Amino acid sequence: MAKLVLLSEGLTGRSHELIAEKTTVGRVEDNTFQIADPSVSSHHCEVLLRGSDVAVNDLNSTNGSFIEGQQITSETVLKPGQILRLGQIQMRLEVPGAPAAATQRPVDSTMIIPRGQGGVTLNQLEQGPRGGPLDTKVFSKKTNKVNLYFIIGGVIFAIVIAVALWMAFGKLK
């Protein structure tokens with residue numbers, strides 16, 4: 001008999017045997033399989049027995065239904081061993097005597113390039129693009145001419161103000 005086995009923390013090991021043609025799954029009590037978790041909608045999905053297949057149909061749930069990480073929007077077959085996620089709750093379909101489905105894992109995009117096949121060694125990086133030592137002048141601190149002009153302008157303005165004050169107050173005596 002096929003069954004859904006909960007895998008999420010706090011619910012691990014809890015299961016529900018799929019004996020009826022249609023099993024409703026959701027947070028409220030009127031579902032055939034009640035999962036009292038806030039991420040599960042009141043009436044989240046239905047699990048349907050279609051001969052030897054088990055299909056899942058999302059019932060417009062808030063947080064979605066996913067098989068092996070892929071969101072389902074219409075009736076989708078759930079194979080033995082695959083993970084069904086409703087909101088934050090994960091469960092696996094177990095069928096006695098059935099081989100577990102091969103789960104698809106995301107491919108790691110990291111590649112190791114062996115030396116001599118396009119890889120670069122640390123020494124080659126330190127030598128720079130022309131094979132000589134790296135030119136450190138390229139990475140020296142740039143001067144900011146705007147600051148220099150601002151300081152010169154400020155000094156000239158201060159001198160003009162000082163001369164104007166001296167002339168104004170110097171002539172009064």
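**Salt bridges, sheet and surface in a predicted model**

Me: How many salt bridges does the count come to in this predicted model?
Reply: A pair counts when a side-chain nitrogen of Lys or Arg is within 4 Å of a carboxyl oxygen of Asp or Glu. E46 with K22 meets this at 3.7 Å, E75 with R50 at 3.0 Å, and R92 with E94 at 3.2 Å. The count comes to three salt bridges.

Me: Which strands hold E46 and K22, the pair 24 residues apart?
Reply: E46 and K22 form a salt bridge, with their closest N and O atoms 3.7 Å apart. The pair links distant parts of the chain. E46 lies in strand β5 and K22 in strand β3.

Me: Is E46 buried or exposed?
Reply: The relative accessibility of E46 is 12%. The cut-off for buried is under 20%, so E46 counts as buried.

Me: Where does E75, the salt-bridge partner of R50, lie?
Reply: The side chains of E75 and R50 meet at 3.0 Å, N to O. R50 is in strand β5, 25 residues from E75. E75 is partly exposed at 40% relative accessible area, and R50 is partly exposed at 43%. E75 lies in the loop between β8 and β9.

Me: Which strands stand at the edges of the open sheet of five strands?
Reply: The strand order is β4-β3-β5-β6-β9, with mixed pairing. An edge strand here has a single partner, so one side of it is left without a neighbour in the sheet. The edge strands are β4 (33–34) and β9 (76–78).

Me: What is the bridge partner of T23 in β5?
Reply: Strand β3 covers residues 22–26 and strand β5 covers residues 45–50. The two run antiparallel and are joined by four bridges. In β5, the partner of T23 is V47.

Me: What area does the nonpolar surface patch that includes F150 have?
Reply: F150 lies in helix α2 (residues 145–170) and counts as exposed, with 67% relative accessibility. The patch is made by F150, I151, V155, I159, V163, W166 and M167. Its area is about 780 Å².

Me: How far apart are the C-alpha atoms of Q82 and G69?
Reply: Q82 is found in the loop between β9 and β10 (83–86). Q82 is buried, with a relative accessible area of 13%. Along the chain, Q82 and G69 are 13 residues apart. Their C-alpha atoms are separated by 10.0 Å.

Terms used
Residues numbered from 1 in each chain as written. Predicted model: local features only at pLDDT ≥ 70, side-chain atom pairs only at ≥ 80, totals over all residues. Heavy atoms only, no water. Pairing = 2+ DSSP bridges. Patch = residues over 30% accessible without salt bridge, like charges linked within 9 Å, V, L, I, M, F, W, Y side chains within 5 Å. Areas by Shrake-Rupley, 256 points an atom, 1.4 Å probe, with all protein chains shown as cover. Buried < 20%, exposed > 50% of the residue type's maximum accessible area, 1.4 Å probe, protein only.
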